[in-house]
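Trainee: I would like to learn how to read cores and cavities in a model. Please take me through one.

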Amino acid sequence: MSPLPPRAPAPLRDGDLVAAVDLGSNSFHIVVAQRVLGQLRVVDRLRETVRMGEGLNALGGLSPEVRDRALACLARFGQRIAEIPPRQVRAVATHTVRQLRAPESFLSPAEAALGHAIDVISGREEARLVYLGVAHEQPPQEGQKRLVIDIGGGSTECIIGEGFTPLERESLQVGCVASTRRFFEGNKLTRKRWNAAFTEVSAQLQQFAAPYRRLGWDEAIGTSGTHKAIGGICAAMKLTKGAITSDALVQIRDRILQAGRIEDIDLPGLSDDRRPVIAGGVLVLEAVFAALRLERLQVSKAALREGVLYDLLGRGGADDPRDVSVAALMQRYGVDTTQAMRVEATALGLFEQVAGDWGLSADDRAMLARAARLHELGLAIAHSGYHTHGAYVLQNSDIAGFSQQGQRFLAALVRTHRRNVPKSAFEMIPDRLLANARRTAALLRLAVLLHRSRGSEQPQGLQLQADGDRLLLQLDRRWLLGRPLLRADLEAEPEDMLGLGINLKLALD
């Protein structure tokens, strides 16, 4: 049998490099940092204006020109991080990729160009990571609440947090690229168009503006290229020293409208690169100022990519945000912890017997453990079809720390841990994860079946061998003969296991 994968990645050492890649709707970014005395020291940054959001059509397709532009950028980024181990790199995709009708048609070549996996994250997860980046780059004072606003190309995230913990997270489907395209068609700028757009964006903000104001904050911070550009304009116009104020925004808005057309916008400190999307950015920020009754906003250098770096440091350790989220879900849905731990222990025991032959990774092991802890989550909704209910919750909730692919992986394991395996269960899993997802699901099925009686007794003589897509399960004959219901379940299991593409055989010692 091949050597087993490690239970968890080895901790980072001083001198190790880590990298974060951010596939934004306006720009792609990469940050490379080195661990030095337990801290991160940035050693390289790259940014390219891709404007991926410009290529997104109403049907969720991506124009060939923008697709090629994005892939060429990722190939260049890939050259920079080619020597960094995969576990020390995390790439995340945001709004535009979330909106694609068939994201895998872009993600597969994108991952090939970059040379690393790309996680698609939800808007609320994006908000969490943005806040994490700001909190680490500008450590907060004890007891201080912060409002953090991030206006990206396709979405805007609003977060209130205290310390390093976000308390409230919201994500709106408005951003500098998307809003400029939508509200200023033909590049025309008029006050009538601006006012109509302002009303529409403000209506979206109203859904959480009042609760945010009640919670309150001590400091407001803006992050991302939009805020940096507007802060630079404020400084160049001598309106402020770099902060953004409500009075300054009014003057910048009026200068934009005087231009009449986007290409004619002439603002001090505005780069040619930012000119095509500045109108949408200022519009969204003006609506945020009005809805949250802001007077002043400081600009931070940190953004999503810094948050991804710091989050990467915590993965696989005691503070892994995914495990914290799993524990919270168990508590919220009243999961039987004792039963979950029985199933987890047996599932991981089976994993260790076949991981080498099946090429399963430490990440697969962690996902199997999480699925075991959550496999009965749906019982809080109804016993009938509880595996289906649990899978739905896991796939459609905002779960901190997980990418969309990660949530779908987890949901697929929970959906298929009992009964028949529908063909649709794994259709949303990326091809690179599909084989391991099916094999991990087989291990969870066996563990759940072996503990169906919910007793404390452990299976006797339990051994599992893997050879390709064939599994041989061995149990002590005398022990099994004394449990006719379990034996009947095991004898029926090979037929259901075929739905996972696994040929299961039962042997008795």
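This is a predicted model: local features need pLDDT of at least 70, side-chain atom pairs count only at pLDDT 80 or more; totals for chains, interfaces and linings use all residues.

Trainee: Which residues have the most contacts inside the largest nonpolar core?

Mentor: In soluble globular proteins, nonpolar side chains tend to be buried together. A nonpolar core is a set of buried (under 20% relative accessible area, 1.4 Å probe, protein chains only) Ala, Val, Leu, Ile, Met, Phe, Trp, Tyr and Cys residues joined through side-chain atoms within 4.5 Å. Here the largest has 60 residues, and Leu394, Phe426, Leu443 and Leu471 have the most contacts inside it. Helix H16 (residues 431-450) gives the largest share of this core, ten residues. Apart from it lies another core, of 46 residues, including Phe183 and Leu249.

Trainee: What lines the largest cavity?

Mentor: Rolling a probe the size of a water molecule over the atoms shows where empty space is left. A cavity is a set of points on a 1 Å grid over the protein atoms alone where a 1.4 Å probe fits but cannot get out; lining residues have an atom within 4 Å of a point. The largest cavity has a volume of about 40 Å³. Its lining is Ala33, Leu40, Val42, Glu137, Glu306, Leu309 and Tyr310. H10 supplies the largest share, three residues.

Trainee: Is Glu306 buried or exposed?

Mentor: Glu306 counts as buried, because its relative accessibility is 2%. Glu306 lies in helix H10 (residues 304-314).

Methods: Residues are numbered from 1 along each chain as its sequence is written. Side-chain values use heavy atoms; hydrogens and water are left out. Helices (H or I, at least four residues) and strands (E, at least two) are DSSP runs, numbered from the N terminus. Buried means under 20% relative accessible area, exposed over 50%, partly exposed in between (1.4 Å probe, protein chains only). On a 1 Å grid over the protein atoms alone, a cavity is a set of points where a 1.4 Å probe fits but cannot get out, and a pocket is an open set with protein on both sides within 12 Å along at least five of seven lines; lining residues have an atom within 4 Å of a point. Grid points are joined across faces, edges and corners, and a volume is the space filled by probe spheres set on the points.
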